[in-house]
Amino acid sequence: MNTDEHDPKDAALSRRRFLQAAAGAAAAGAVLPQSLQAQTAGPSAMPGSPETPDVTPVSLTLEVNGVRHDLQVEPRVTLLDALRDRLQLTGTKKGCDRGQCGACTVLVNGRRINSCLSLAIMHQSDQITTVEGLAQADGSLHPLQQAFLAQDAFQCGYCTPGQLCSAAGLLEERRRLGAAAPALDDAAIAESMSGNLCRCGAYPHIVAAIRIVAQGAPAGTGAGTRGDGA
Amino acid sequence: MNNFSYVRADDVDSALRLGAQPGAAFIAGGTNLVDLIKGGIEQPRMLVDITRITALGQIQESAQGGVRIGALAPNSDLAVHPVIASRYPLLSQALLSGASAQLRNMATVGGNLLQRTRCYYFYDAGFARCNKRQPGSGCAAREGYNRIHAVLGGSEQCIAVNPSDMCVALAALDAVVEVRSLRGTHRMPLTEFHRLPGDTPQRDANLGAGELITAVDLPASRYARHSYYLKLRDRASYAFALVSVAVGLELDGEHITAAGVALGGVAPKPWRLVEFEKALQGRRLAELDLSALAAAALGSAETLPYNQFKPELARRAIVRAVRVAAGLEEA
């Protein structure tokens, strides 16, 4: 699924350009490669004040999937861009980059957020989990990943990392609520997952996969589950 | 996206000192501000991160029987907080109808109060005419596609609507906003926090430069048993309201002893229906012509070519929300 990791950088950029153009994103700055933006921004030795903002990259330690990373980022860099462009964790996807599609969903201290609308610099000492961190260290898949495979809960796969992290966040929210957690029928799953768009329309299978993990419901029951028992 | 410097405030006093500098902006959840910076609509020179000020994140019962909600309380936590869910279900319902689970985890109460309009012409800097974004430039929405725009409280200069669900419930619940600055602390009813556009549509709220929202206070709950937030939109979830109605009723038998009613999606600010509330007070629901009262509440509505459906939709929504709140209809 993480084909970005193997793409030549230019190919990845041209796909990004296409997606953003297709989404109607008109801001020229949004399609600049980050390396170019960093060059054009230029370093500044001036002390930070509103008149001469200090945009020099600042030191930041991000703890992602249990691994600490020391890096230097400009204040404007989003968590999404830091993960993808600096840490090469390209499983987290850049869809709309404006908080409308959910492809960039990651977990911060167990809570699902849109990493495209969150500045990396604000996550010092937070525990971040991306799709790369859902599976066990030995490679065994997270129950949600297993259920997504079994239920054929994706087609192109672009939204899947965000769907998985969002669903993991949903399960964690219910764990924290304990007995106060409301009943989780298919409508409630769909409502809770409404921040994750799927252009392939795999929603019934996504809902089924989450239901199976959340409720332990047997595969092959209810709408949207596969009939072949896979 | 413009570049900016970043500084983290450890307490309210340091936040106020930093926030008083020209070009400074406070950031908490960032769900709206980062988006607006990306679009070139907001161009802060320095961001003051207030998220580590733990004192602003608390939700506490107050001595007067109400609740004090810290400005940094996440929308998601607030919605499921036992006191809010049990005594102010109207607020829980409104919060959970807004945005997505991810955004609610990020978004704070203070940030939600300052959420800017979703007018297409405001949000896309490619449009030259927007008096809210560029004072004096004109209003592209008046002659444009104005389906989501205001039918109440707009001006020649601006017809953008406030997009918040939370604020509609807070208006019905008589919430009070606490604001701090280097000059001191002051409080105002939520209904006086947001401004009508008039000739200064660039100012959404009565909040000066460097002023920081620190809390929202709710008075003792009167509507725990009878309330309803009805939100009508183009899709079932994750969309802004075309029309929303927050209704809280206090009933003594069949008599309405108190009512709080506000509209969302129709005006530049949460639109409290004061006359409608008065008409309900002391009366029995069965003797009221809710439809006529709701129509009167929308009597001053002014429509544009694409939002002509809103007054009628709002009228029906008010009637339904009151009936559901009273237990006369299923939600």
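A: Chain A is divided into domain 1 (3-21 + 57-133) and domain 2 (143-215), with bounds that come from an automatic or database domain assignment. The model is predicted: local features need pLDDT of at least 70, side-chain atom pairs count only at pLDDT 80 or more, and totals for chains, interfaces and linings use all residues. Residues are numbered from 1 along each chain as its sequence is written, while chains are lettered from A and ligands numbered from 1 in the order in which they are written.

Between the two domains of chain A, 14 residues of domain 1 are in contact with 13 residues of domain 2; contact requires the C-beta atoms of two residues, placed from the backbone, to lie within 7 Å. On the domain 1 side of chain A, S3 and strand S4 (111-114) each supply at least two of the residues that touch domain 2. Helices (H or I, at least four residues) and strands (E, at least two) are DSSP runs, numbered from the N terminus. S3(A) gives the most to this side of domain 1, with three residues. By type, the residues of domain 1 of chain A that touch domain 2 comprise six nonpolar, five polar and three charged. Here Ala, Val, Leu, Ile, Met, Phe, Trp, Tyr, Cys and Pro count as nonpolar, Asp, Glu, Lys and Arg as charged, and the others, Gly among them, as polar.

Most residues other than glycine have a negative phi. Phi of A:Gln88, however, is near 55°, a positive value, and phi of A:Asp97 is near 65°, also positive. A residue is buried if 20 or more other C-beta atoms lie within 10 Å of its own, exposed if 12 or fewer, and partly exposed in between, with C-beta atoms placed from the backbone. A:Gln88 counts as exposed because it has 11 C-beta neighbours inside 10 Å, whereas A:Asp97, with 25 such neighbours, counts as buried.

Within the stretch assigned to domain 2 of chain A, A:Ala188 is found in helix H6 (residues 186-192). A:Ala188 has 16 other C-beta atoms within 10 Å and is therefore partly exposed. Not counting residues up to four places away in sequence, A:Ala188 touches A:Pro182 and A:Ala183. A:Ala188 and A:Val207 stand 19 residues apart in sequence and, C-alpha to C-alpha, 9.6 Å apart in space.

Chain A also meets chain B. This contact takes 35 residues from chain A and 32 residues from chain B. S1, helix H2 (33-38), S3 and helix H6 (101-106) of chain B each supply at least two residues of the side that touches chain A. The largest share of that side, five residues, comes from H6(B). The residues of chain B that touch chain A divide into 14 nonpolar, 14 polar and four charged.
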